[in-house]
Structures are given as C-alpha cells and as structure tokens.
Amino acid sequence: MVGMFVAEIEAAENKVEATFYVAKTGMQSLLGDETAKKLKVLKIGYNVASVRQSPGPFPKIKGVLVEIPVNPDVEPVQQPHRRAPFALEDKIAEKLQYLQDQDIIERVHQPSAWVSPIVPVVKDNGEIRLCVDMRRANQAVLRETHQLPIIEELFGRINGAVRFSKLDIRVAYHQVEISERSREITTFIAKQGLLRNKRLMFGISCAPELFQKVMESVVAGLDGVVIYLDDLMVWGRNLEEHDRRLKALMARLHEFGLMLNKEKCVFAVPQLEFLGHELSSSGIRPTESKIAAIKSFRIPNNPNYNYVAFWGS
C-alpha cells in the first residue's frame, strides 16, 4: 500500500465521505460494498449488484402535437381523491415518479377546472397500472371525425401476398404529445397532489381516432402497409417486394422517432395472425381461437327450439 486519504464522493444526489486506499500495483478503481450502498448505486436483492439508472424521457413522435377537442358548454367537474389501499401507496408513488421521469405526466401547480380520480389496477405480476377515471371528463370531449377502418377495408388490398411482417408500437399512445391547452382535461388527483398528462392516454374517448389519424399520416405514401392503431402489417407478393416495403416502413418510423415492441414483432413469415385473422398465400380466414367456441357449441335439445330452422337443414 502506498497510502490512504479521505474524500467526499457523490452519485446523482447522494453524497458520502469515504476512505481511499492507494495500491502501488493497482490497475483500476474499486468501489466498496458499503460505500456503494450509501450512494444507492448498489441494490442487494433479486437484481444482485445492479447499478440502477434513472429512466430518460419516453420517446415521442417527432413533429406531432395533437389537440383534444373539448366542448366549452359542458361544465367542468372536480372530483375528489379516491383513497387507495395502504399496501399500494408505495407502488403508486413509485409509478407516478417513473411517469414523471419519463416525461409522460407533469405536476400541476395551480387550480384546475377538471380533476379526475385515479384507479390502481394490480397486474398478474404484482405491478400496478394507473388508470384515470375519465368518465365525467369524457362528457366534454368531442369525438374525432376520423373513422377507424374496418376489416374489409384493411384486407381488401391484399391480393397475392406470400410474405408478411407485423410491427407493434410500444405503449403507442404515450408516444403522442398533446398540446399545452389540451392537458387540463387530463388532470387527475393522487395523494401526491394534482398531475396531468403530457402524452395521449387510454381512457380519453377520442384517443383511438386521434392515434389512427396520426399513424396514417406517418405511413402516408408507403405501399403494402396496413395499419390499425398500434399494429402495422407489411405484405409482399414475393420476398423482394416484401423486404423493399419493410425497409421503407422502418426508415419512415425511424424518421419520426417511433419505438417498436421487439418482442411482439414478426418478420417475413408465410403465415401471420393479424387482427384475429390468419393471413397466408391461401387467403384470409378467422383464427381457430376466435371460432372455437362456435365450433364446440352444443346441439340444441329443447323441444320448443326450432333447431331445424336454426341450423338451416
């Protein structure tokens, strides 16, 4: 050992005074276990010796800012806070902080005309999903006139396709930023105070049409692309055509900064399940899981039931 000294070190907002030992043959700096714990860069548990980093802002579609149309004749409603079970309070606080760190929600520092309560939903893995009860606020939200496509429209152009790819947009609504003046109606109350959404959210009655409109503008002009909300499908009459269309779509998504859910994406397959239908070179038909209940339906045995006319035989 050459010597030792005491110095203050910090990580993020955490500071600690630590003793440093200098070794003549030392090759790299080492952070001790106790010091790492005090700096809160080492967490012992299921993720042993893991360094935790604060999440950055969640990505958003570049150049897109949507307006939530609100009927000014509807009287605003300020609903009270709904108390959550004590066992969920820490998880709710952690979730709200996470959403703030990701730039999805923001604090409200002044009175709001609209206030809605939150409803925590416990998922199977023990995590929670925070939902805003927008039923009262939706009475003032005007529906977007943009129509959602129907299956016949989406699949009507698919003729002779032999290769398919499916892309899933990750947490799609949160990638769409809403304007400053549209955020007040999304205001909700929690134990931590008033907060509101900066991104489009589930629960707003016009959200599906708004998102469909945005995505159609993103992929406008691309051939062989079918889109329904956060699901995109690319098809081609041969592998070369499919790959060319897929490459063009990926370049467009990259241009707008969209993030995909890698686990749910499927590439260049001869058969694909999309929106409850099975697509292949043989044509389009409903998936077996969608019609299993109909196939297994019992034969009517009630003498007063006209099953001859029902079954058409």
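Mentor: Gladly! Let us begin with strands: helices (H or I, at least four residues) and strands (E, at least two) are DSSP runs, numbered from the N terminus. Two strands pair if DSSP finds at least two bridges between them. This is a predicted model, in which local features need pLDDT of at least 70, side-chain atom pairs count only at pLDDT 80 or more, and totals for chains, interfaces and linings use all residues. Residues are numbered from 1 along each chain as its sequence is written, and side-chain values use heavy atoms, with hydrogens and water left out.

Trainee: What makes β7 and β13 a pair?

Mentor: Strand β7 (residues 163–168) is joined to β13 by 2 bridges, and the two run antiparallel. Pairing asks for at least two bridges, so β7 and β13 qualify. Across this pair, Lys166 stands opposite Val266 in β13.

Trainee: Which sheet do they belong to, and in what order do its strands come?

Mentor: An open sheet of 4 strands, ordered β11-β12-β7-β13, with antiparallel pairing.

Trainee: Why are β11 and β13 said to stand at the edges?

Mentor: Each of β11 (225–228) and β13 (266–269) has a single partner strand, so one side of each is left without a neighbour in the sheet. From one strand to the next, the twist averages 15°.

Trainee: How do you know that helix α5 packs on this sheet?

Mentor: By contact, meaning heavy atoms within 4.5 Å. Helix α5 (residues 239–256) touches β7, β11, β12 (231–236) and β13. The direction of α5 makes about 150° with that of β12; axes are lines fitted to C-alpha atoms, for helices over the stretch in contact, and angles run from 0 to 180 degrees between N-to-C directions.

Trainee: What makes a group of residues a nonpolar core?

Mentor: The group must be a set of buried Ala, Val, Leu, Ile, Met, Phe, Trp, Tyr and Cys residues joined through side-chain atoms within 4.5 Å. In the largest such core there are 52 residues, and those with the most contacts inside it are Leu200, Ile204, Leu232 and Leu249. Elements giving two or more residues to this core include α2 (89–101), α4 (207–218) and α5. The largest share, 6 residues, comes from α4. A second, separate core has 12 residues, including Val269 and Phe274.

Trainee: What makes β15 and β16 a pair?

Mentor: Strand β15 (residues 277–280) is joined to β16 by 4 bridges; with at least two required, the pair qualifies. Here Glu278 stands opposite Arg285 in β16. These strands belong to an open, antiparallel sheet of 3 strands in the order β14-β15-β16.

Note on methods. Buried < 20%, exposed > 50% of the residue type's maximum accessible area, 1.4 Å probe, protein only.
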